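Hi,

Here is the structure I promised to pass on to you. Please open it alongside this email, and my notes follow below.

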Amino acid sequence: MKNLRDKYCLVGVGETEYSRGSNRTTRALAVEAVRAAILDAGLTASDVDGMLDYQSGDSTLANHVAPDLGIRLNFYMDVMGGGSSTEALIGLAMGAIEAGMCNTLAIYRSMNGYSEFRIGGTGARAAQPVRGLDLAQVPFGMRSAGQNFAPTFLRHMYEYGTTSEQVAHVKVAHSKHASQNPKALLKDRVTVQDVVGSRWIVKPLHLLDCCLETDNATCLIVTTAERARDCRQRPVSIMGVAGRVSKPRLDFHWAHGPITRVAGYYAKDIVFGQAGIGPEDVDVTGSYDAFTFTTMLQLEEYGFCKKGEGGQYVSSGVIELGGRRPNNTAGGHLCEGYTHGMSMVIENVRQLRGTVDDYCPKAAEGVHTYDYAPGRCRQVKDAEIAMNLGWAMPPLGSALIMRR
Amino acid sequence: MPQPVQYRGMSLIAHARAHRLVVRKCAACGLLRYPPTHACPWCMELRFTWQELSGRGTIYSYEIVHHAIQPGFKELTPYPVVLVELDEQRGRPTPDESLRIIANLLTPDLRPEAEEKVAIGTRVRVVFQDLADHMALPQFTLTDEPPQGRVWRLP
Ligand SMILES: [Zn+2]
């Protein structure tokens with residue numbers, strides 16, 4: 001496959017407040033996030049001529065957001081999708097520039113995931129008609145993401161002896177990280193006992209194994225390495241990307257086992273092949289935490305540990321700040337807020353810049369204490385390479401490797 | 001209950017109303033597939049016939065829903081959702097593939113089965129839950145057959 005390593009960069013990141021009740025439209029949220037990312041990059045509206053966004057019938061369109069900011073577009077596309085779209089759209093942005101269609105793109109996701117279209121499947125989502133392939137699951141009371149994914153985790157417990165206590169460490173780690181993040185919705189640190197003692201949602205998932213529902217918008221700016229040199233921030237180079245890689249039988253992935261295998265099985269060779277590195281070279285990960293176990297499943301599938309040893313890996317301290325390879329240092333979807341993957345890339349961009357927005361007084365200048373006690377620092381020291389593992393569902397995922 | 005749109009893909013539901021569990025069988029390579037998709041995923045053949053199955057299988061994985069999302073399921077919690085590996089076509093055409101189906105595990109009188117009775121490896125058979133004159137759901141219930149492989153349930 002073609003290799004564009006280090007030819008494209010992420011130069012701007014931005015987001016709105018994470019809330020449970022924005023009292024604003026997704027258009028207003030998107031405009032604020034795109035504006036913030038453009039300003040972060042040190043660019044102006046006339047520098048941006050491409051736009052990509054993703055949604056599932058719950059958001060605004062690029063042809064509204066761009067003109068609100070005075071942006072004239074040479075290329076845009078609104079894409080249907082949820083988790084794992086972030087990395088895929090970064091790859092599409094590179095392709096659009098490579099094809100000569102535009103020069104600099106803003107990628108956004110805007111949602112009132114708490115106050116309008118609840119991500120958990122209640123409200124407007126529960127009222128959607130059941131037809132076509134939905135008939136194979138929805139009439140049996142299997143509709144929400146938790147209900148759709150839980151048998152995958154249960155089978156992993158059966159095949160590999162993985163426990164609820166092991167994956168609870170993902171929530172514990174991410175809550176520790178969120179306690180260093182002024183933006184996070186949930187800043188309180190929790191224990192393994194808090195997680196396994198919380199009420200059942202769909203066994204084997206407890207309440208605290210599940211991510212949040214959040215109102216927010218987020219944005220990333222992609223341009224060429226050449227243009228990145230003139231931007232305000234230290235550029236972050238894209239080493240490799242794999243977008244929406246699927247397992248066979250995406251219509252009904254249960255038909256093709258082992259069902260404990262996730263899409264990273266197919267994506268890892270693409271993304272590591274482009275980047276020319278291996279898991280051992282990665283300093284920070286952003287493994288999508290729709291649930292505690294999704295983080296675990298992806299880390300093991302991409303080779304951060306042996307297949308089946310994800311439970312040991314995530315409970316070993318490796319994924320916590322201060323550990324060898326922290327995961328979702330902003331708190332992730334379990335604690336910071338739910339963004340369909342965008343915030344995990346934003347956080348890794350900031351990690352590679354060295355300017356994570358923690359409680360260190362001079363964080364914006366890149367001065368950090370590396371004191372991971374509550375309410376202090378969440379910057380990883382000398383982070384050079386970061387990797388995002390985007391999740392949509394067990395048979396569908398994306399990946400991104402970046403370096404400073 | 002509102003009348004669902006009738007089209008050929010609904011045949012599975014219509015067959016279920018006649019208390020028959022059917023899947024599509026490729027007219028070229030003969031492999032069975034579920035759900036009733038529109039081409040053979042192994043050879044791209046469009047033509048198919050409906051094949052009735054024994055309705056016997058083994059629980060491959062499951063979940064117990066305690067917090068229902070759909071309003072109609074709230075009074076049924078906790079209810080088990082099971083992934084059943086059917087006896088026909090196990091491990092074919094590759095060792096990783098099998099004919100599997102999602103349903104609820106029900107008691108013989110069609111109530112949600114008690115969660116302490118649900119386990120991977122347990123043998124089940126199809127039963128039919130009539131919902132209206134024109135439709136029914138294929139569901140599963142426990143049998144007294146010996147289990148297949150290791151029996152395991154959530155501790
Ligand atoms: Zn065929």
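The site of the zinc ion is tetrahedral, with angles of 100 to 122° among its 4 donor atoms (four donors count as tetrahedral if all angles lie between 85 and 135 degrees). Those donors are the SG atoms of Cys26(B), Cys29(B), Cys40(B) and Cys43(B), at 2.2 to 2.4 Å; a donor is an N, O or S atom within 2.8 Å of the metal (3.2 Å for Na, K and Ca), and water is not among the atoms, so sites may look incomplete. Along the sequence, the donor residues follow the spacing C-x2-C-x10-C-x2-C. Cys26(B) sits in strand β1 (residues 22-26) of chain B and Cys40(B) in the loop between β2 (32-33) and β3 (48-52) of chain B, so the pair ties together parts that are 14 residues apart in sequence. Strands here are DSSP E runs of at least two residues and helices H or I runs of at least four, numbered from the N terminus. Both Cys26(B) and Cys40(B) are buried, meaning under 20% relative accessible area, with exposed over 50% and partly exposed in between (1.4 Å probe, protein chains only).

A word on provenance: this is a predicted model, where local features need pLDDT of at least 70 and side-chain atom pairs count only at pLDDT 80 or more, while totals for chains, interfaces and linings use all residues. Residues are numbered from 1 along each chain as its sequence is written, chains are lettered from A and ligands numbered from 1 in the order in which they are written, and side-chain values use heavy atoms, leaving out hydrogens and water.

Chain B also has an open sheet of 3 strands in the order β2-β1-β3, with antiparallel pairing (two strands pair if DSSP finds at least two bridges between them). Its edge strands are β2 and β3 of chain B, each pairing on one side only. Lys25(B) stands opposite Leu32(B) in β2(B).

In chain A, 9 strands make an open, mixed sheet in the order β3-β2-β4-β7-β1-β8-β11-β10-β9. β3 (75-80) and β9 of chain A are at the edges with a single partner strand each, so one side of each has no neighbour in the sheet. β9(A) pairs with strand β10 (residues 385-393) of chain A in the parallel sense over 4 bridges, and Val284(A) stands opposite Ala386(A) in β10(A).

Best wishes

Terms used:
Four donors count as tetrahedral if all angles lie between 85 and 135 degrees; four count as square planar and six as octahedral if opposite donors are over 155 degrees apart and all others between 65 and 115; anything else is irregular.
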